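Hi,

Here is the structure I promised to pass on.

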Amino acid sequence: MTMTKIGVLGAGSMGGGIAHLAAVKGLDVILCDVEQRFVHGAVQRIAGFLDKSVAKQKMTVEEKDAALQRITTTTNMEDLASVPLVIEAIFEDMDIKKTAFQKLDQICGPETIIASNTSSMSITTLAAATSRPDRVVGMHFFNPPLIMRLVEVIRGYYTSDETVARVSDVSRAMGKTPVEVKKDTPGFIVNRIMMPQFLEAVRIAEEGIASIEDIDTAVKLGLNYPMGPFELMDFTGVEISVHVSDYFVEEYKDMKWNAPQLLKNIVRAGRLGKKTGAGWYDYDK
């Protein structure tokens, strides 16, 4: 059965981006966060992006208005009770996510699929916080969701074939290409490959082998990547790399994943990237 309505829990850059994408693709969306200012801010950002699309003649004013009308905002998780799919997109903290999954499990109907947009954490652990582990799945969008074409669909230990198929179908309906991660492993596919590149880039800078600017240039021109590792960390949030590396160390018990001191210090200094106006590079706020 084709889904026409979804819920998104978390109205930050990823949750708001997923809601934006779904609404543009014709899905009704209930966007939920703990405070009204968060959902209001997300809708304002979405409206701003849509205005730019209208200005560039990529959509009409009527299409913009229709997309915005498909988004309902709430601060009450119980409003997610009726949707067939809830995508969790809150902070990358396992305890916070588990609490959210426990609440969603109590609120949502027994057939509802609960998906996590986590970039690296265990789907099996999240599923264990519910009474429906067969209907818990990873649905990892990439930033920004409107542009990036990939969705990683991650199986937990008990995730059913039907759940994987339905989430894959929704991904395609949203214009994305789903890839199936058959085993629940930290980092899944992309972050399992990307994190060693991030950490090694920081070590090269830390050892004085090359400047941050030259490392980014080398990666872009030598590997044909659209962004260098430091540019990408600034774009996604530098602190996320620390959270993910810490999680990898805990899960793998291997210090090769340990964040270099330079990476830890830049986060401690509050330089988290573009969102704070400074990260590896300085930006205008």
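Below is what I found, starting with the whole chain and ending at one residue.

A word on the ground rules: this is a predicted model, where local features need pLDDT of at least 70, side-chain atom pairs count only at pLDDT 80 or more, and totals for chains, interfaces and linings use all residues. Residues are numbered from 1 along each chain as its sequence is written, and side-chain values use heavy atoms, with hydrogens and water left out.

The protein chain holds eleven helices and eight strands (DSSP runs, numbered from the N terminus: H or I of at least four residues for helices, E of at least two for strands). Its radius of gyration is 19 Å, close to the 19 Å from the globule rule for 285 residues, so the chain is as compact as a globular protein of that length (taken over C-alpha atoms; the rule is 2.2 Å times the number of residues to the power 0.38). Of those 285 residues, 48% are buried, meaning under 20% relative accessible area, with exposed over 50% and partly exposed in between (1.4 Å probe, protein chains only).

As for residues 187–283, they come out as 62% helix and 0% strand, with the end C-alpha atoms 29 Å apart.

Finally, Asp134: you'll find this residue in the loop between α5 (123–127) and β6 (136–141). Asp134 is partly exposed, because its relative accessibility is 26%. Leaving out residues up to four places away in sequence, Asp134 touches Tyr158, Thr159, Ser160 and Thr163 (contact means heavy atoms within 4.5 Å).

Cheers
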